[in-house]
Amino acid sequence: MSDLTVGQELITGNVTLTRFSLVRYAGASGDFNPIHYRDDVAKSVGLPGVLAHGMLTMGLAVQPVIDWMDGRGEVVEYGVRFTRPVVVDGNGGITVSVSAKVGAIEDDVTRIDLTVSAANQTVLGKSQVRVKLHQ
Amino acid sequence: MNPELEGRVFPPTTPYLVGREKVREFARAVFAKSPLNHDAEAAKAAGYADVVAPPTFAVVIQEAGLALLLAAPDTGIDFSRIVHGEQKFRYTRPIVAGDELTAILTVTSIKSLGGNDMITAETAISDAGGNHVVTATSVLVMRGTE
């Protein structure tokens, strides 16, 4: 782990979100805003369709980093900007793709920059995870 | 949005007891597969008191702080026009099952930008011993009415 270099690609991952994923996240998080599971409500407030919770996208996007660390370190900071909504089709769902690369090495903290996209568009901006790796 | 909100500190939330099954449920919901999130024995072997919550679990406790903010009568916040703009977590240590967590929310900034109002809320989350666990920072955008 000590031979990391800035710009190095670490890991990629894909997750397919369906309406089931949204309902499950609603229950787990307590965020029952109906724009995340009801087409009629989403439409009535002018949205293109049912949206994934921003916090679900944020939550799943960090998982490849956790898997890569495999217990050898901890997340000390994680931040994102919600730049574009993730519309989840009622039939096929949508695939969210994550790639992670080393953004900076600052003493004992490594900054990992995530690229998170769906339908060929970036959905999270300035998505950065700072991890402390055990020596 | 009421500019005098800036600097306001809300009272501590009711303590939230982190349950092992809640951590597992949340972990499944964010597609977390690490044994540390699911298997108490694996977590203990790695030096944790119990299963470890995924990094974004703190949002559940932050929510209790935000509920106090949104319920305050003088904020000028119209929840139906609120969009989550940014989110950040700064951890002193991971949340584990068994933690009893209390949140204190501070409004750190109110800004107007291009017809939208932006509010930054910083929620400091501490354990039963009063030690800092994580600070969750949310930027909420209230869209203008045009």
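Predicted model: local features only at pLDDT ≥ 70, side-chain atom pairs only at ≥ 80, totals over all residues.
**Entry 1**

Arg24(A), Tyr25(A), Ala28(A) and Ser29(A) of α1(A) meet Glu25(B), Phe26(B), Arg28(B) and Ala29(B) of α1(B).

For the record, helices (H or I, at least four residues) and strands (E, at least two) are DSSP runs, numbered from the N terminus. Residues are numbered from 1 along each chain as its sequence is written, and chains are lettered from A and ligands numbered from 1 in the order in which they are written. Local features need pLDDT of at least 70 and side-chain atom pairs count only at pLDDT 80 or more, while totals for chains, interfaces and linings use all residues.

**Entry 1: the buried side of α1(B)**

Which residues of helix α1(B) are buried? I found Val23(B), Phe26(B), Ala27(B) and Ala29(B) within residues 20–29. A residue is buried if 20 or more other C-beta atoms lie within 10 Å of its own, exposed if 12 or fewer, and partly exposed in between. Seen down the axis of α1(B), the buried residues fall within an arc of 160° (taken over the directions from the helix axis to the C-beta atoms), so they line one face of the helix. Their cover includes α1 (19–29) of chain A and α2 (35–38) of chain B. Just after α1(B), I noted that Phe31(B) takes a positive phi of about 65°.

**Entry 2: strands of chain B**

I then followed β3(B), residues 100–113, counting strands as paired if DSSP finds at least two bridges between them. β3(B) pairs with β1(B), residues 16–17, in the antiparallel sense over 2 bridges. Leu101(B) is the bridge partner of Tyr16(B). With β4(B), residues 116–126, β3(B) also runs antiparallel, joined by 11 bridges. Leu113(B) stands opposite Asn116(B). The hairpin has 2 residues between these strands, and Gly114(B) takes a positive phi near 55°.

**Entry 3: chain B as a whole**

I listed 4 helices and 5 strands, in the order β-α-α-α-α-β-β-β-β. Of the 146 residues, 39% are buried.

Key
Contact = placed C-beta atoms within 7 Å.
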